[in-house]
Amino acid sequence: MRNNGPAGPAHVADLIALARSRRRLVAFTGAGISTESGIPDYRGPGGVWERNAIPTLEGFRGDPAVRRAYWDGRRERYPAMLAVAPNAGHRALVELERAGRLQAIITQNIDGLHQKAGSDPDRVIELHGSTHTVRCLDCGRRWAAPVVQARLAAGESVPTCLHCGGPLRAATVLFGEALPDAALRLAAAAARSCDLFLVVGSSLVVNPAARLPGLAKRAGAVVAIVNRTPTPLDALADVRVLGEAGPTLAALAAALVGTTPPDGADPGRADPDGVDHARE
Ligand code: NAD
Ligand code: ZN
């Protein structure tokens, strides 16, 4: 298996060759898959993220002015978020899923674009929650975000829980907050059971999500990383494509959809001690 040097060109052909012999792909996506839809990434220039405005949950709970500023911002910005369209990268993952090649998408994104593109919501594992759901911080009840947006449009300035009066905010994970247990467990299970773990558009520095590629690798999967810039886990990857998510995934889907996945021995599982068969 060729491994691209850190400054090497994109090897989309290597990724396709690797994926041809794999049956159970799991995609792990970060902000980079959505930049082509116009949503800035977190670490890129101009990266603005709503979590910046709300540094801690305590600050949000404790200070009415913080909640007011949050909902003022959301009244203005959420409609634009709701209108964002998925791009070729999201659509390629839908095609791979429908062709029976893709088991799950683990995402760090909160934008809901995988589901909007047509990915089966049951196969999308949102590690950091979703901006399209609003939850009560006291009783945990949840609403679709557009329902709360309608309350704002009707004149409420700081909406509260209709059941208990508690504070509401988007159901996204804040810095320093624990990740949702159920999503983490599903993600770990998906990483352990795939035979190709495909990272797309993540700087791979946010834990514990950044540990998933290593988990997949130790369980016998091969790892591919598609990213515009190098990542700290590049040495672990069997294939790296230094390039754009959309065109790369579109090329992958075009090459695989309509071809028959290998059957019989499972390349990722054939060796009980988990030796990586893709390495030469
Ligand atoms: P990140 O911003 O840390 O890294 C994104 C990576 O994607 C960078 O390495 C960048 O070089 C690469 N990239 C950008 N555009 C690309 C493209 N078109 N093709 C290929 N690579 C591209 O993102 P992260 O690792 O997901 O961590 C950011 C955190 O902020 C996450 O926890 C996430 O929840 C949140 N966030 C989410 C969104 C979203 O939902 N769309 C956007 C920004 C931030
Ligand atoms: Zn409540």
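Aspartate 120 and arginine 123 form a salt bridge, with their closest N and O atoms 4.0 Å apart. In this predicted model, the pair is one part of a set of nine salt bridges. Four cysteines hold a zinc ion (ligand 2). UniProt, in an unreviewed entry, places an active site at His128. The largest nonpolar core has 26 residues.

**Salt bridges**

- Both partners of the lead pair are partly exposed: aspartate 120 has a relative accessibility of 28%, and arginine 123 has 32%.
- Arginine 151 pairs with glutamate 156, and here the N to O distance is 2.8 Å.
- Is arginine 151 buried or exposed? Arginine 151 counts as buried, because its relative accessibility is 13% and the cut-off for buried is under 20%.
- Arginine 228 and glutamate 244 form another salt bridge, with 2.8 Å between the closest N and O atoms.
- This pair links distant parts of the chain, 16 residues apart. Arginine 228 sits in the loop between strand E8 (222–227) and strand E9 (239–242). Glutamate 244 sits in the loop between E9 and helix H10 (245–256).
- Glutamate 244 is partly exposed, with 29% relative accessibility.
- Shared partners also tie salt bridges together: Arg68, Asp72 and Arg75 form one network.
- As a general point, side chains of opposite charge can pair when their charged atoms come close.

**The zinc site**

- Which residues coordinate the zinc ion (ligand 2)? The donors are the SG atoms of Cys136, Cys139, Cys161 and Cys164, at 2.3 Å.
- The arrangement is tetrahedral because the four donor atoms subtend angles of 100 to 118°. For four tetrahedral donors, the ideal angle is 109.5 degrees.
- Along the chain, the donors follow the spacing C-x2-C-x21-C-x2-C.
- UniProt, again in an unreviewed entry, places a binding site at Cys136, Cys139, Cys161 and Cys164.
- These four span 29 residues in sequence, yet no two of their C-alpha atoms are more than 8.5 Å apart, so they gather at one spot.
- Cysteine 136 belongs to strand E4 and is buried at 2% relative accessible area.
- Cysteine 161 is buried too, at 5%.
- Cysteine 164 is partly exposed, with a relative accessibility of 41%.

**Histidine 128**

- Where is histidine 128 found? Histidine 128 is in the loop between strand E3 (124–126) and strand E4 (129–136).
- Histidine 128 is buried, with 6% relative accessible area.
- Its side chain comes to 3.2 Å from the backbone oxygen of glutamine 108.
- The active-site label at His128 comes from the UniProt record, which is unreviewed.

**The largest nonpolar core**

- Which of the 26 residues touch the most other members? They are Leu15, Leu93, Leu198, Leu249 and Leu252.
- H10 gives the most, with six residues.
- In soluble globular proteins, nonpolar side chains tend to be buried together.

**Leucine 204**

- Leucine 204 has a phi near 55°, a positive value in a residue other than glycine. Most residues other than glycine have a negative phi.
- Leucine 204 lies in the loop between E7 and helix H9 (212–218).
- Is leucine 204 buried or exposed? Leucine 204 is buried, because its relative accessible area is 4% and buried means under 20%.

**Arginine 192**

- Arginine 192 is part of helix H8 (residues 181–193).
- Arginine 192 is partly exposed, with a relative accessible area of 45%.
- Glycine 214 is 22 residues away from arginine 192 along the chain, and their C-alpha atoms are separated by 9.7 Å.

Notes: Residues numbered from 1 in each chain as written. Chains lettered and ligands numbered in written order. Predicted model: local features only at pLDDT ≥ 70, side-chain atom pairs only at ≥ 80, totals over all residues. Heavy atoms only, no water. Salt bridge = Lys/Arg side-chain N within 4 Å of Asp/Glu carboxyl O. Buried < 20%, exposed > 50% of the residue type's maximum accessible area, 1.4 Å probe, protein only. Helix = DSSP H or I, 4+ residues; strand = E, 2+ residues; numbered from the N terminus. Donors = N, O, S within 2.8 Å, 3.2 Å for Na, K, Ca; no water. Tetrahedral: all angles 85-135°; square planar, octahedral: opposite > 155°, others 65-115°. UniProt positions renumbered as here; feature names shortened; annotations may be inferred. Polar contact = N/O pair within 3.5 Å; in protein donor to acceptor, adjacent residues only side chain to side chain. Core = buried A, V, L, I, M, F, W, Y, C linked by side-chain atoms within 4.5 Å.
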